[in-house]
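Dear colleague,

Please find below the structure that I am handing over to you.

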Amino acid sequence: MTEEYLERGYLTLEDLKEKVELPSEERLQSKHPVAVPECPQRIPCTPCKEICPVNAIKMDNPNDIPVVNYDKCIGCSLCVQICPGLAFFMIQYKGDKARVTMPHELLPIPKRGDEVILLNRKGEEVGKGKVVLVIPREKSVGDTPVITVEMPKELAWEVRAIKVVV
Amino acid sequence: MRLEEHPVIDFTKRRGKKVTIYFEGKPIEAYEGEPIAEALHAAGIRVLNYSTEKQRPRGLFCAIGKCSSCLMVVNGIPNTRTCITLVEDGMRVERQRGSQPLPRDYKAPQWKEAEKHYGDIVIIGGGPAGLMAGIKAAEKGAKVLLIDEQPILGGQLVKQTHKFFGKREQFAGVRGIKIAEILADEAKKNGVEIHLETSAIGIFDNNGEKLVVAVEKNKKLHEFHGKAVVVATGAMEKMIPFENNDLPGVYGAGAIQTLMNTYGIEPGKRVLIVGAGNVGVILAYQLKQAGVNVVAIVEAMPRIGAYFVHAAKVRRLGIPIYTRHTILRAEGDGKVERAVVAQIDENWQPIPGTEKVYDVDVIALAVGLRPSIELLHQAGAQITYARELSGYVVRHDERMETTVRGLFVAGDSSGIEEATTAMLEGKIAGLSAALLVGKAPLQVYDEIKKAQKDLEEFRSGPFGKHILEGLKKVMIND
């Protein structure tokens with residue numbers, strides 16, 4: 001198993017496919033978004049598993065990596081809100097668009113409808129997207145604002161952060 | 001420069017009344033509740049003293065009262081640790097030049113004037129380990145006296161804006177600053193007697209009982225009497241050798257967190273971070289949250305030492321991490337203006353031609369911590385070296401008792417680990433101390449066992465492996 005991601009500090013899509021099985025095309029197109037953990041390393045951490053209301057996250061030992069049962073997942077985003085490593089994301093396909101839900105702990109917090117710059121896992125600008133949902137800090141169970149951004153479908157597995165232009 | 005907006009912390013609520021201090025005669029605006037060195041930094045003053053031998057300018061380094069890099073003359077008194085001494089209206093502050101004498105008319109505090117306090121357990125250190133020890137012992141009915149040299153309870157948690165790992169019952173998913181508040185409230189609710197701005201200077205045996213001698217605000221002597229002592233004095237930052245590593249602007253990672261997250265002061269405009277362990281990458285993220293530019297993180301090891309998820313957080317914000325790179329030197333006239341880094345080969349030698357120069361005003365050292373064991377050492381506890389625990393540590397048993405009967409240890413002072421394990425160790429030490437002083441029923445063993453099991457579980461992954469290796473060298477087996 002390749003551990004190069006520990007030298008780089010980010011996962012490539014190939015790493016992700018190898019370490020975390022991705023949801024099926026069909027699941028991604030269903031009416032609920034699906035949570036995907038980008039948490040490939042064994043660390044002692046369990047809040048995602050503890051908060052999941054439908055027990056969709058499997059983790060036998062606190063040091064195990066979380067494995068999401070994508071069929072059970074209802075796309076509620078609680079894991080995205082609580083994850084201390086900010087490593088949970090949600091993906092949903094809508095026609096030729098995709099919606100990616102991610103934590104955002106920087107100022108400014110964008111508003112619904114704002115156009116934002118999309119960043120990939122190494123912080124490169126890869127396009128623009130539109131904010132479709134904002135869960136503010138005070139409504140987040142994990143004290144972390146969570147935003148959902150609509151973008152071209154082909155960027156769904158690349159974009160993991162945003163830059164708000166003021 | 002002060003920070004006004006922050007995604008996690010509301011500084012306007014934290015700042016006290018405006019006061020004026022006089023730096024070398026010049027009035028400086030400060031806020032009540034903030035230490036002198038921090039207030040000076042906000043006013044753009046970074047040089048705090050000049051070294052004895054070569055009169056080199058020196059500034060902050062640890063900002064938690066441990067390193068002596070911030071000594072100044074305050075109201076005529078030299079050697080004042082300005083990073084933990086709070087401002088007072090009208091205070092006179094001067095740069096110290098080498099060693100300076102006390103004023104002629106200075107009256108040293110007298111032993112016979114020491115204020116005496118009596119309890120069952122004395123706890124030194126009000127961070128996650130000490131607070132948890134205090135809460136647990138007080139819950140069982142022990143009278144607990146807790147002293148800490150900082151002006152605020154919570155230890156290093158007070159500057160951690162990120163959420164902690166572990167299980168939710170261990171505060172996983174809660175920000176450090178919030179955990180500090182919860183623990184401090186809990187300690188007060190349980191009747192723990194708290195003495196802040198009070199530094200323990202010695203632990204003595206007093207006819208089979210314990211005596212902790214301490215100094216409050218550099219002037220008032222105190223005696224704390226009890227039957228058991230828990231030492232939870234944390235750790236201090238390591239330094240690495242490189243040219244100009246004493247230039248003002250070369251700060252310990254924790255000092256930067258203190259400036260920006262505890263007191264809302266901008267540490268600088270552009271920062272280079274040395275070290276990609278958890279502290280280094282978390283610092284990068286926190287700087288970004290405070291709106292400060294991080295130019296890069298350099299790491300001498302071939303791999304990032306931090307939890308991957310912490311590293312991924314900063315990478316996706318565009319902060320580069322260069323492994324197998326080190327800092328060669330700091331440059332600047334009286335303050336950091338540039339940092340020169342280079343790639344290193346297998347023998348840790350810089351590779352010629354790979355130098356990169358960054359224009360930065362702060363160089364953050366996140367190169368590890370070492371346990372603060374001075375008081376344990378002085379009290380006669382057996383010390384041993386454990387590389388895995390980051391230095392010299394005290395030997396202890398499963399109940400966190402050292403080789404000195406009634407002297408307990410918890411948290412980073414027993415080996416560098418995490419706040420989560422510090423709290424678990426604090427729980428064990430507090431309960432065990434309560435048992436020893438006859439304040440807890442035997443059933444408390446079940447609680448101790450649960451905490452021991454939680455520790456074992458927490459350490460069962462790859463990150464806990466080296467801790468367990470270190471503990472093998474340290475543990476006293478009954």
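In this predicted model, helices α3(B) and α4(B) are roughly parallel to each other, because the angle between them is about 30° and angles under 35 degrees count as roughly parallel. Two packed helices are described by the angle between their axes and the distance between the axes. For this pair, the axes lie 9 Å apart. Helix α3 covers residues 128-139 of chain B, and helix α4 covers residues 176-189 of chain B. The crossing of α3(B) past α4(B) is left-handed.

The residues that form this contact can also be named. On the side of α3(B) they are Pro128(B), Leu131(B), Met132(B), Gly134(B) and Ile135(B). They meet Leu183(B), Ala184(B), Glu186(B) and Ala187(B) of α4(B). Sorted by class, the contact of α3(B) with α4(B) consists of seven nonpolar residues, one polar residue and one charged residue.

I turn now to chain A. Chain A contains five helices and nine strands, and their order along the sequence is α-α-α-β-α-β-β-α-β-β-β-β-β-β. The radius of gyration of chain A is 15 Å, close to the 15 Å given by the globule rule for 166 residues, so chain A is as compact as a globular protein of that length. Taken along the principal axes, the C-alpha atoms of chain A fill a box of roughly 45 × 35 × 30 Å.

Of the 166 residues in chain A, 45% count as buried. Among the contacts in chain A between residues at least 6 apart in sequence, 57% join residues at least 24 apart.

Yours sincerely

Notes
Residues numbered from 1 in each chain as written. Chains lettered and ligands numbered in written order. Predicted model: local features only at pLDDT ≥ 70, side-chain atom pairs only at ≥ 80, totals over all residues. Axes fitted to C-alpha atoms, helices over the stretch in contact; angles between N-to-C directions. Helix = DSSP H or I, 4+ residues; strand = E, 2+ residues; numbered from the N terminus. Parallel < 35°, antiparallel > 145°, perpendicular 65-115°, else oblique. Left-handed = near helix turned anticlockwise from the far one by under 90°. Contact = placed C-beta atoms within 7 Å. Nonpolar A, V, L, I, M, F, W, Y, C, P; charged D, E, K, R; others polar. Rg over C-alpha atoms; globule rule 2.2 N^0.38 Å. Buried ≥ 20, exposed ≤ 12 C-beta atoms within 10 Å, placed from the backbone.
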